[in-house]
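This note sets out comments on the structure shown below. The points follow in numbered order.

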Amino acid sequence: MSSRRLRDFVRLGAWLVLATLVAGAAEPRPAKVGVLTDNYPFSFRDTDGEVKGFAFEMVREIERVMDLRFERTEGRTPEINGAFMAGRLDVLQSFAHSPEREEKFDFSFPYLTMAGAIFVREGETRIAALADLRGRRVAVHRGSLGEDLLRAAGLADSIRYVDSVEQSLVQLDRGEADATLATRLSGLALAHRSGLKRIRVVPGDVPGYEVRYCIAVAKGERELLARVNEGLAILVRTGRFDVIYRRWFGQVEPRRYSAADVALVVAAGLALALAVALWAFLRQRTLRLRIAQQAAEIRRSEERLRAVFEGAHDGLVVLGPALPDGDFPVEQANPSARRLLGLPATGTAPGLRALLPADSPVPDFVAAGRPEAELECAGRTGRWRVSVAPLGDRRLLTVADVTEAAEARERLRRQEAQMVQKQKLEAVGTLAGGVAHDFNNLLTAIVGNTELAQLESGRGHPAEEYLQRVLQAARRAGQLAKQILTFSRQAEPTRERLAVTPLIEETLGLVRSVARGKVDLVHERAAELPGIVADPAQVHQVLMNIATNAVQAMAGRHGVLTVTEEAVELGAEVQSQHPALRPGAYVRIGVRDTGPGMAAEVQARIFEPFFTTKELGSGTGLGLSVVHGIMERHGGAVTVYSQPGRGTLFHVYFPAATGAAPSADPDLPPPRGAGERVLFVDDDPVIARTAGEILVRLGYRPSVHTRAEDALAELAGPGEGFAAVVSDLAMPGCGGLELAARVRTLRPGLPIVLASGFFSGAERQAADTLGIEVCLHKPLTLAALGRGVARCLGRGSAPPFPD
């Protein structure tokens, strides 16, 4: 053994004592080791396919004596070195130490220190020093110390790169290279193994070429480095290092021992033994302290987890591994889970499936491994939010009662739907005003010209019946426009004494078009029936809504719709069943269908606003709620009787009218004029012309205008004055109210009549403020226009707002 190597071992022993004190009780950790397969004799793949070599065997011995676990990655030098430098490996078995590399990696104590030498071919005498390599072909592998020396000496042009030291020696032996740089010992070992006979070593060492072979670890891995150095020291102390060394280098470097060598080795062994004993004592003490600290921390952690588990608001259930029958054993449950699942406060619980109703989806949810879902509560009304998380080979089931949150979401959804429906109704109401005005304008032209045609043709004309049908249809259309305004609350309902039977017949006529022949309509009339005081449009709406629902309920099947009418006397006992009804006489109208009927829970909600059992987009859920509201406003009530499979019966109760029915007024002609001048203004030319001709027929002298400005100009001009002004309410530019205000300025006492399809509350108030005598609802018939003008002139008894 050389004196240099003995000094290295002594330094190793001293260094290990210090490293042991610093490392203390460092625990070994798994590490990835890079194993070279082309670095003979340190690490190489032999002909039998096994990896062998001095460094490989030494690291394996360190792993054994230090009880370490290494994961080996094999490969050629460029591949393994690159992986180590990139941080993918933790340990490199043999890595030459240098100051530059020490900045990036940590190194063990050198286990071999070798001097570099120049290798040439036999017979080469011109190369005796490094300077003689200029202009020569020098084979070195990339990143080696030989490359660094050549570049430092300005001999970069002489470099010829190879993959390994072995390849550089082979090229030198073949004459493909003139020289190579390698450590003396490894170069001779490689030449001996490869049988290279034409290679010799230039005497003398290469200045600056001293390679210290170490085990390298990733930067900062101090504990791992301490274990590696300790293992090296043990190999030296026990003699295993010498055995390994002789196996791989004995054939090229015979070893001799002197008394000094033996003394140095003994001293190193004693130092190492002392270091190992001290390290064992410190490690045992540190381990005891660490175990006590970890036990205390585990107890505190368990207490915290138990407090969280027991105090959690949500139910927490620990489920064991699935049983052969698919059930899950309940191993642990917190108080919230016991309350939600109905478990006893203490004691063991049965399996999850045995605990819940048979139709509960919770066990299937757990088995499917879904992360989270919202499910119906087991065995009662409500909703749970259920989630499952892995807990080793077990599962943690979390159950939270979200019934209130689900109900809040449902309420919000219904409110949003109600808001949408309300906005739709508001839009319909806004549209209804404009539609009614234009619609009634058209009806004015139709009715007025039809009446003029009747007057022109006289009684007995062949076209008289046809003209009468036109008038009937026009009156029905006017009633329809009034229904639209009433439904959208753009017009106030009117009350008058009505006969029920004609209203039912009219309703069935409209329902017949809806039924399309698939439903038989039956009307059971009463012999004597008192009248009712109601708005005809709203009565018609009540009957239509109920009858239409009945027809839709019988869709897809042949059915019968029966409407009955009868007078009933209700006593005091009726209020126990129907608190809205007072004792007295009523007209009861029944609507019975042969449809599928309704369940009790549906009957309980049918009068709720926006409740519907129809498909999305097929209904608003307002029909029966409107019926309920109309009946309440009329002092009546609506009831329903239904059973699934046995049809449905609705009864509506209208208070019977008291007193004798007023005798029908004879169809007297309207009062005639006496040649008075009347100023008529309407922006529709057809209406203006028709109204002018009607006024002429009534005995007036009209002056007709389609622009308010022209009418005002004539009123302010010279000539015979006007007896009255009749103006449309809605006109472009100057409307009827503005025209009336300007007429009041020009002729303060001149009577004014306003006409419109409908009057809003604000427009009625403005008309009263301007002192307008009469407001007429369109369509303007001959009778309505005649009575209105006569009323403002002080003749006749037409009401201020005649229908």
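1. Glu61 belongs to helix 2 (residues 54-65), where helices (H or I, at least four residues) and strands (E, at least two) are DSSP runs numbered from the N terminus. With a relative accessibility of 11%, Glu61 counts as buried; buried means under 20% relative accessible area, exposed over 50%, and partly exposed in between (1.4 Å probe, protein chains only). The side chains of Glu61 and Arg240 are joined by a polar contact of 3.4 Å. Such a contact is a pair of N or O atoms within 3.5 Å; within protein, one must be able to donate a hydrogen and the other to accept it, and residues adjacent in sequence count only if both atoms are side-chain atoms.

2. On the basis of the model: it is predicted, local features need pLDDT of at least 70, side-chain atom pairs count only at pLDDT 80 or more, and totals for chains, interfaces and linings use all residues. Residues are numbered from 1 along each chain as its sequence is written, and side-chain values use heavy atoms, with hydrogens and water left out.

3. The count of salt bridges (a side-chain nitrogen of Lys or Arg within 4 Å of a carboxyl oxygen of Asp or Glu) comes to 26. One of them pairs Arg76 with Asp38, with the closest N and O atoms 3.7 Å apart. Arg76 lies in the loop between strand 5 (70-75) and helix 3 (77-85) and Asp38 in strand 2 (residues 38-39), so this pair ties together parts 38 residues apart in sequence. Arg76 is partly exposed at 41% relative accessibility, whereas Asp38 is buried at 8%.

4. Glu74 and Arg45 also form a salt bridge, their closest N and O atoms being 2.7 Å apart. Glu74 is in strand 5 and Arg45 in strand 3 (residues 43-45), so parts 29 residues apart in sequence are tied together. Glu74 is partly exposed, at 39% relative accessibility, and Arg45 is partly exposed, with a relative accessible area of 38%.

5. A salt bridge of 3.1 Å, N to O, links the side chains of Asp205 and Arg184. Asp205 occupies the loop between strand 12 (199-201) and strand 13 (210-218), and Arg184 is in helix 7 (residues 184-194), so the pair ties together parts 21 residues apart in sequence. Asp205 is partly exposed at 48% relative accessibility, and Arg184 is partly exposed at 26%. Elsewhere, salt bridges that share partners join Asp46, Asp48 and Lys52 into one network.

6. Aromatic pairs (rings of Phe, Tyr and Trp, the last by its six-membered ring, with centres within 6.5 Å; planes under 30 degrees apart are stacked, over 60 edge-to-face, the rest tilted) number 17. Tyr40 and Phe44 form an edge-to-face pair, 4.7 Å centre to centre with 65° between the planes. Tyr40 is buried at 8% relative accessible area, and Phe44 is buried at 5% relative accessibility. The ring centres of Tyr586 and Tyr653 are 6.3 Å apart and their planes stand at 85°, so that pair is edge-to-face. Tyr586 lies in strand 23 (residues 584-593) and Tyr653 in strand 25 (residues 648-655), so the pair ties together parts 67 residues apart in sequence.

7. The charged end of Arg142 sits over the ring of Tyr161, 3.9 Å from its centre; here NZ of Lys or CZ of Arg must be within 6 Å of the ring centre and within 35 degrees of the ring normal. The charged end of Arg677 sits over the ring of Phe722, 4.0 Å from its centre.
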